[in-house]
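Hi,

Here is the structure I promised to pass on.

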Amino acid sequence: MGSLYSALSISVGSLQAQQAGLETTTNNLANMNTPGYCRQRPLLQESNPVIEGRLAFGNGVTLSGIESLRDSLLNVQINGETQQQSKSQTFVDTMNQIQPLFPMDSAGIGDAIGGFFQSLDALAANPSDASLRETVLSAANGLASSFSQAAGQLNSTRSNLDLSVQQNVQQINQLTSEIASLNRTLAITASTGSDYGSFLDQRDALVQQLSGLTDVSVLQNGSSLTLTTRQGTALVVDGQSFGLTTSLDSNDGTQHVYAQAGDITAQISGGKLGGVLEARDQTVPSILSQLDDLASALVTNLNAAHQQGYDLNGQQGGDLFNPVTGPGAAGSMSVAFSDPNLLAASSDGTTGSNGNIANLTAVATQTLPNGMTPIQTYGNLVFQVGSSISNANAELTASNNVLQQLQQQQSSVSGVSLDEEASNLLLYERAYQAAARAISTVDQMLQTAINMGAQ
Amino acid sequence: MRLTSTESMILLNALNAADRSQQNALLQMTTGKRVNVASDDPSAAAVEVQTSDQTSGCDQFLRSISSVTSELQTADSALNSCVTTLQRAISLGIEGANGTLSQQDRDALASEVKGISDQVLGIANLSFNGHFLFAGTADSQQPYVLDPNAPGGVAYQGNDFTNQIEVEQGHTVAMNLPGSKLFSAAGANVFQALSDLSDALSSGTAIDTATESVRTAFDQLTSSRVFYGSTVSQLDSDQTFLQSEKLQLQQNSNDNVGVDMNVAATNLVNAENARNSALAAVAQAGNLSLLDYLSKT
């Protein structure tokens, strides 16, 4: 049979349990805006009963632990989507810097190509006119500089991206070593059986940050996490992190990313680093090489046409542009002479002939090796730049929507609800009050019992 | 589903979306374009590159036409006055053939014919914008110079070439006639004919024959001159065509990348409404929770 003292100890146990409840509630409230925080709740359990004969007396409440509410599957999905979202965002941001180099109407390469051929058309009306010749020469310079400027900007974008590869790799290394150190901490706390919810929260937040930087697969292994890239290169194994390194590749002059296994540059497909690498190694070089092709085709064709004519001194025309071919053609495009008299407009050696201008302007409608005229080729470049951005934008919008959904779901599992915490606060307060009242009742009863002896 | 306070995230997303569409609508309204950068509509942008090139090409063709037209008109009106003076020479020849004239009268006629020859020489050496109109393509030097050994005492220094100019995509017109087709054509040399006429009038022999050769030269000049008039009228119709083509191109460009103002204005209003209602909803809902009620009790 129960005693007054056992009633007293049940009440004290209850006081402690309600206090723990109050503590988790206030902790939840305190962390309601902390990123990565998962709400906690006390795990209350009935104590083992006291058995006397055929009677089993309840023995109060026990706090068996504090539990963090998290959904690992949701975390995995959020990490995956973050990799996609962050990649698209980085790619769009980068390409948006390049897009102004390819305007569709005024200024830019297209305008310079049109302007050059139009200046030739104007010269045809009066081929010996000095100012018209000067205009053609300055339009030719404008054409060359529009190409070299665009190529220069593309190259400097590439080297900025290169720098960004190095910075991202440094951040990745920082994060993986923090995650490894949390793995070690968790291994210790897990072995002592103590609460490690807040360490898990920190580690989840770090993994999510890492997902923003590169593609990463997570393998849960007890309390420890193993992180690898999508292709299986180890980043973190238990308490050990494996840093990535960058070094200059002599073939393409860019920074390549190395793991222990070797060059993994081409394997990285997600996160900020994935977006940077896609722009640096695929999109920008492709635009640059098409620009080079266009520049060298224009230079070759215009030079060939120019050489068919005669300049104002009656001499056979030379090169109009300094010959350029292959990679770097656009960047180094320049006009071969500065004397407008050297423009070979004449087809018969007389100064008044404009016969060779037709040969030069014919280049505008002549198809290049890619099957398009120069202006169509430029239009196609505009299309490629535009569609790469609009495609990435569509992916970004989709990723953002999915991510928002997932975050709402995660918040529904792990987020702190003010209403819920308020009602819990009330519950624990009332239960605490009740236990306290029980104690004072037991106290009175004890007093009665003691006084009984005094009579 | 368990509900938590995610309204700040939802609000932020809603406001971002509304801001973006508001900015977009504003940009479209201020530029008048639906496609402002290639990524707005890549294929429309690629088409616009060509339309824009063709439009400025049209502008250049129109400028070429007006510059060539004024050159052709100058040449044509010079030749017109040349025709008038040659007519006078012919009537002088007819007058001189009249046997009743004295040597003195014929000498006077001969000297008038010489004067006409000088006038024609002046016209044949006419220059426009720093180049000679009737020198073929060798137009930097005077085409006709006095030379006692040349037929009619005037030698042609120009060549027989003509310049072509493109006035529409793929369509070129000749923009000059060399003097050798106008003044010094073989068998119809104006200077030779005038010099012969002047000599004939002085000597009083073969005036009819000399007058006839002036007429031949006159016919050659008149028939060749038609080139100028017909080219000018052709350029006129080219100009009309180019202007309508330019309008058409602008229309195409507008259809392709231009904005429908009604749509843009509606978008702007919608975006503003979305923004306002998102803000209003949050202001309404506030951050009410059970806690507010508990603290009051």
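First, some ground rules. This is a predicted model, in which local features need pLDDT of at least 70, side-chain atom pairs count only at pLDDT 80 or more, and totals for chains, interfaces and linings use all residues. Residues are numbered from 1 along each chain as its sequence is written, while chains are lettered from A and ligands numbered from 1 in the order in which they are written.

How confident is the predictor? For the complex it gives an ipTM of 0.84 and a pTM of 0.84. Chain B averages a pLDDT of 88, and 96% of its residues score at least 70 (pLDDT is the predictor's confidence in each residue, from 0 to 100). Where pLDDT is low, the predicted coordinates should not be read in detail.

**The two chains**

Chain A has nine helices and eleven strands. Helices (H or I, at least four residues) and strands (E, at least two) are DSSP runs, numbered from the N terminus. The radius of gyration of chain A is 38 Å, well over the 23 Å that the globule rule gives for 455 residues, so chain A is more spread out than a compact globule. (That radius is taken over C-alpha atoms, and the globule rule is 2.2 Å times the number of residues to the power 0.38.) Along the principal axes, the C-alpha atoms of chain A fill a box of roughly 145 × 45 × 30 Å.

Chain B has eight helices and eight strands. With a radius of gyration of 39 Å, well over the 19 Å from the globule rule for 297 residues, chain B is also more spread out than a compact globule. Its C-alpha trace spans about 140 × 30 × 25 Å along its principal axes.

**Where the chains meet**

The contact takes 45 residues from chain B and 48 residues from chain A. Two residues are in contact if their C-beta atoms, placed from the backbone, lie within 7 Å. Which element of chain B supplies the largest share of its side? That is H2(B), with 16 residues. Helix H1 (7-31), helix H2 (42-97), strand S5 (164-168) and helix H8 (290-296) of chain B each supply at least two residues. By class, this side of chain B has 17 nonpolar, 22 polar and six charged residues. Ala, Val, Leu, Ile, Met, Phe, Trp, Tyr, Cys and Pro count as nonpolar, Asp, Glu, Lys and Arg as charged, and the others, Gly among them, as polar.

**Domains of chain A**

Chain A is divided into domain 1 (4-69 + 416-454) and domain 2 (76-404), with bounds that come from an automatic or database domain assignment. Taken over C-alpha atoms, their centres are 65 Å apart. Eight residues from domain 1 and seven residues from domain 2 make up the contact between them. On the domain 1 side, strand S4 (residues 61-68) gives the most, with three residues. That side divides into four nonpolar, four polar and no charged residues.

**Two sheets in chain A**

One open sheet has four strands in the order S5-S6-S7-S8, with antiparallel pairing. (Two strands pair if DSSP finds at least two bridges between them.) Strand S5 (217-221) and S8 stand at the edges with a single partner strand each, so one side of each is left without a neighbour in the sheet. S6 (residues 224-228) and S7 (residues 234-237) pair over three bridges, and Thr228(A) stands opposite Ala234(A). Their hairpin has five residues between the strands, and Gly232(A) there takes a positive phi near 95°. Two bridges join S7(A) to S8 (residues 240-241); the hairpin of S7(A) and S8(A) has two residues between the strands, with Asp238(A) at a positive phi near 50°.

The other open sheet has three strands in the order S9-S10-S11, also antiparallel. S9 and strand S11 (262-263) are its edges, each with a single partner strand, so one side of each is left without a neighbour in the sheet. S9 (residues 245-248) and S10 (residues 255-259) pair over four bridges, with Thr245(A) opposite Tyr258(A). S10(A) and S11(A) pair over two bridges, and Ala259(A) has Gly262(A) as its bridge partner.

Helix H4 (residues 130-192) of chain A packs on this sheet, touching S9 and S10, and its direction makes about 25° with that of S10(A). H4(A) also lies across S6, S7 and S8, running at about 155° to S6(A). For these angles, axes are lines fitted to C-alpha atoms, for helices over the stretch in contact, and angles run from 0 to 180 degrees between N-to-C directions.

Cheers
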